[in-house]
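Here is a short tour of one model, written to be read with the coordinates open. Let us begin at a sheet and then move on to the cores.

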Amino acid sequence: MKPHRYLPMTEQDQAEMLRTVGAENIEDLFKDIPENIRFRGELPVSSRLDERALTRHMAGLADRNAHTDSHISFLGAGIYEHHIPSVINHIISRSEFYTAYTPYQPEISQGELQAIFEFQSYICELTGMAVANASMYDGATALAEAGSLAAGATRRKRLVVSRAIHPEAREVLATYAHGLNLDIVEVGCKNGVTDAEALAAAVNEETAAVLVQNPNFFGAVENVRAMAELIHTYKGLLVVSSNPISLGLLEAPGKLGADIVVGDAQPLGISTSLGGPTCGYFAVSQAHMRRIPGRIVGQTTDRNGKRGFVLTLQAREQHIRREKATSNICSNQALLALSASVYMSVMGRQGMADVATLNLHKSRYALERLTSIPGIEPAFTSSTFNEFSIRLPEGTNMTKLQSSLLSAGFIGGYDLGKAYAEYKDCMLIAVTEQRTKEEIDQFASTLEGLL
């Protein structure tokens, strides 16, 4: 096969470019680099490949990754393997959606505007909140933006944050807080949930908000209503980051007293994709609608009475004076938000409840099966959803164990010791509706053999 030049350049092209920059040959372009540090040999790379050979080579490199198509995964910790209805990829592969960007011109953007409007509507129904925005980059930035909104709304600088929130989300929040001169007070955990006594001691009249994750990073279910009552006593706000699949079973955070509900929409029909990209959601009570980051799509009618959609609120720095902007979020994950919308549309109320129930029952079976193995016990006894933490025998070499699990065809759970030194022998296990009883039993038997 004749080699194909992906970026063809003729000798005439090269001569014209050299003449334009005032060089006689290619070597002249490097004359400012001292001769003694120039590399004169040949780089240790293959010779050029034709298109077919290159495709085969890149496929070979990709196959070296362990992923959910090649291995049975029990890894969650923020990214979850759920069933993706085939209709989702069919719809998001349509060019009118995957080429769309910010719909500034409503007269030619009705499809994209309606898709965003539907996403907002679904998120409001799921979370029990009044208003949702077009979408955020991911769950972590949504949480950080929520902290920023709370500080601005209350004119306070203190955020009380549960240590049971995803470690990476707390890092993003800390980065935001540094730039906004906000103070972060972290509250520890007790039996896998936020320590209620420590939280009560940390909250005062200077607290802008309490931030919590439910179900939290350890998979445990928090007492959201009690937290809402506590922070509202001091006229602060409650921010809840929630797994949207869990809301098929758990009470909506808005009905428990949350003022801001955020999270990652990745479980809603979005591929794990080796870790991203994902899509964040952000919903607030009516009182904070004008402070919401990003943009909001609204429904209206045209002069002929036909239903239409427009961008209604755009409280970001490109649209209003920079010093009055509520956020510097500059885009939204429209295509992934559409994936989430299609997922919720296809599943419906009953489907969402059914999926959540499957996640709960399968994870409960896995917990019982794994903790029946000698030397393995639950790390906590708090109620969980589709993730739970187990404690392995003291001194377990987690790196070696994970490697052995990979060799056996499994992606093991998350090593909690990476982010929590006090849980160095603990593993966070995720079980979604994708896992079968046979896979769970096989994983348990393999883990028992390795221990």
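Which residue in strand 17 does Tyr414 stand opposite? Tyr414 faces Leu428 there.

## About the model

This is a predicted model, in which local features need pLDDT of at least 70, side-chain atom pairs count only at pLDDT 80 or more, and totals for chains, interfaces and linings use all residues. Residues are numbered from 1 along each chain as its sequence is written, and side-chain values use heavy atoms, leaving out hydrogens and water.

## The sheet and its helices

Four strands form an open sheet in the order 13-14-17-16, with antiparallel pairing. Strand 13 (377–378) and strand 16 (414–415) are at the edges with a single partner strand each, so one side of each has no neighbour in the sheet. Strand 16 pairs with strand 17 (residues 426–430) over two bridges; pairing requires at least two DSSP bridges. Helices (H or I, at least four residues) and strands (E, at least two) are DSSP runs, numbered from the N terminus.

Helix 10 (residues 334–370) lies across strand 14 (387–391) and strand 17, at about 5° to strand 14. Helix 11 (residues 398–407) lies across strand 16 and strand 17, at about 30° to strand 17. Axes are lines fitted to C-alpha atoms, for helices over the stretch in contact (heavy atoms within 4.5 Å), and angles run from 0 to 180 degrees between N-to-C directions.

## The nonpolar cores

A nonpolar core is a set of buried (under 20% relative accessible area, 1.4 Å probe, protein chains only) Ala, Val, Leu, Ile, Met, Phe, Trp, Tyr and Cys residues joined through side-chain atoms within 4.5 Å. In the largest one, of 46 residues, Leu199, Leu238, Leu268, Tyr343 and Met344 touch the most other members. Helix 10 gives this core its largest share, ten residues. A second, separate core has 30 residues, including Leu159 and Val284.

Definitions and conventions. Buried < 20%, exposed > 50% of the residue type's maximum accessible area, 1.4 Å probe, protein only.
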